[in-house]
Amino acid sequence: MGPSGGRAATITGLGIELPDRVVSNDELSKSLDTSDEWIGQRTGIRTRRIADPGVCASDLGIVAARRALEAASLAPSSVDLLITASISPDQIFPATASRVAYEIGAVNAGACDLSAGCTGFVYALALATGMVSSGIHQHVVVVGAEVISSVLDWEDRSTAVLFGDGAGAAVVSPANGGGRILGFDLGNDGVGGDMLSLPAGGSRMPASEETLRARAHYLKMSGSQVYRFATRVVVDSARRVLEKCGRNIDEVRLFVPHQANLRIIDAATRRLGIGDDRVYTNLQRYGNTSCASIPLCLHDAKAEGRLQEGDLVLLMGFGAGLTWGACLMEWGEA
Ligand code: UT7
């Protein structure tokens, strides 16, 4: 049975895409007042992928979605809905998902974007699970796609060193016995809306010469405030989803947190009592890829043999909004 008492849903295929260009901390230190030592110690990040100029979020999302469908052995025409989560979408509208669905040939699918900061992938997975569990849809593709480098202020060392580009996609379909998504804990606290945002370009602060001069079309973050929020919600939300599903932390085989900062992950896992051997991280090589971070982790963990059928897996996202979202699943692609 699924989380809502309907049929169970599961992830039946994963796909990713990363830009070829690897940018090291030392390379960033040439143009910013920073160092490999500072970035490594404060975040754990060593390299990140940066897309070439002209590459947008859908370009990466299209490839990731195609690969996820191939992995799921599903024809694009069988997809009922495609949701793209991103903090660096192609445009305010139309939806990035519309182009992704069109380019992959998902001719029978609805398509929409979802904005929930870096928690977007977990939120989109929750909606996909609900659609499949309820029987409204059979197959939903969830895409986390980011070219965050296009919205970073490359003169601001406090944000420019943190993020990276990439995309990950998952196909969500009815479970056939192998695995199942068990439940979610989603949350939002709008009081922290200004702690992490892209201030200008929407209806609240329309584009003007003044917003350009103020560099208000770039991502802004109050790092230390978001850090405090993150270390709190990761622990609280993880405990809540486990309680909702009647499971305990000792049963979790792999914890896959949003890849924002190794210190956040270490602090949270210490409090939760999960050993390093049950925590997956790849921010060391990709940086913070926002909505792409969790599917990139799932894909890489699987490739490394760290995801086996039946494993209890805990996903944990957090980010702008401020939002957070945890998902508990028994891994299995059938
Ligand atoms: O994905 C969405 C969610 N995002 C997050 O969860 C990110 C949460 N925040 C963080 O991960 C951390 O707060 C940061 C990594 C962003 C910053 O680490 P911190 O330990 O909180 O540092 P800080 O912001 O308190 O800054 C400490 C010092 C400051 O200098 P002073 O004022 O102490 O002289 C900064 O100016 O580090 C300085 N600093 C840097 N120095 C070298 C800030 N950025 C850099 C830099 N290189 N890149």
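A salt bridge is counted where a side-chain nitrogen of Lys or Arg lies within 4 Å of a carboxyl oxygen of Asp or Glu. The model is predicted, so local features need pLDDT of at least 70 and side-chain atom pairs count only at pLDDT 80 or more, while totals for chains, interfaces and linings use all residues. Residues are numbered from 1 along each chain as its sequence is written, and side-chain values use heavy atoms, with hydrogens and water left out.

By this rule the structure holds 16 salt bridges. Glu-330 forms one with Arg-180, with 3.2 Å between the closest N and O atoms. Glu-330 belongs to strand S13 (residues 323-330) and Arg-180 to strand S8 (residues 180-188), so the pair ties together parts 150 residues apart in sequence. Helices (H or I, at least four residues) and strands (E, at least two) are DSSP runs, numbered from the N terminus. Glu-330 is buried at 18% relative accessible area, whereas Arg-180 is partly exposed at 28%. Here buried means under 20% relative accessible area, exposed means over 50%, and partly exposed lies in between (1.4 Å probe, protein chains only). A network of salt bridges links Arg-180, Arg-247, Glu-251 and Glu-330.

A further salt bridge joins the side chains of Asp-300 and Arg-285, at 3.0 Å from N to O. Asp-300 sits in helix H11 and Arg-285 in helix H10, so this pair ties together parts 15 residues apart in sequence. Asp-300 is buried, with a relative accessible area of 7%. Arg-285 is partly exposed, at 33%.

The domain assignment, which comes from an automatic or database source, divides the protein chain into domain 1 (9-176) and domain 2 (182-330). Their centres, taken over C-alpha atoms, are 14 Å apart. The contact (heavy atoms within 4.5 Å) takes 45 residues from domain 1 and 45 residues from domain 2. About 3500 Å² is buried between the two domains, and carbon and sulfur atoms give 67% of this area. Buried area is the accessible area (1.4 Å probe) that two parts lose on being put together, summed over both. Leu-14, Cys-118 and Val-122 supply 16% of the area that domain 1 buries against domain 2, more than any other three residues.

Across this interface the rule finds 2 salt bridges. Arg-215 pairs with Asp-153 in a salt bridge, the closest N and O atoms being 2.9 Å apart. The pair links distant parts of the chain, 62 residues apart. Asp-153 is in the loop between S6 and helix H6 (157-160), and Arg-215 is in the loop between helix H7 (209-213) and strand S10 (220-221). Asp-153 is buried at 5% relative accessibility. Arg-215 is partly exposed at 28%.

Elements that give two or more residues to the side of domain 1 that touches domain 2 include strand S1 (9-17) and helix H5 (120-134). The largest share of that side, 7 residues, comes from H5.

Leu-14 lies in strand S1 and is buried, with a relative accessible area of 8%. Beyond residues up to four places away in sequence, Leu-14 touches residues including Arg-67, Ala-169, Leu-298 and Trp-331. Ser-290 is in the loop between helix H10 (283-286) and helix H11 (293-303). Ser-290 is buried at 1% relative accessibility. Leaving aside neighbours within four places in sequence, its contacts include Cys-118, Glu-146 and His-258.

In strand S11 (residues 252-257), 5 of the 6 residues are buried, so the strand is largely enclosed by the rest of the structure. S11 runs parallel to strand S12 (residues 312-319), with 5 bridges between them; strands pair if DSSP finds at least two bridges. The bridge partner of Leu-254 in S12 is Val-313.

Buried residues of helix H9 (residues 262-272) include Ile-264, Ala-268 and Leu-272. The elements that cover the buried residues of H9 include helix H8 (223-244), S11, H10 and S12. Asn-261 caps the N-terminal end of H9, with a side-chain oxygen 2.8 Å from the backbone nitrogen of Arg-263. Gly-273 follows H9 and has a positive phi, near 80°.

Technical notes: A polar contact is a pair of N or O atoms within 3.5 Å; within protein, one must be able to donate a hydrogen and the other to accept it, and residues adjacent in sequence count only if both atoms are side-chain atoms.
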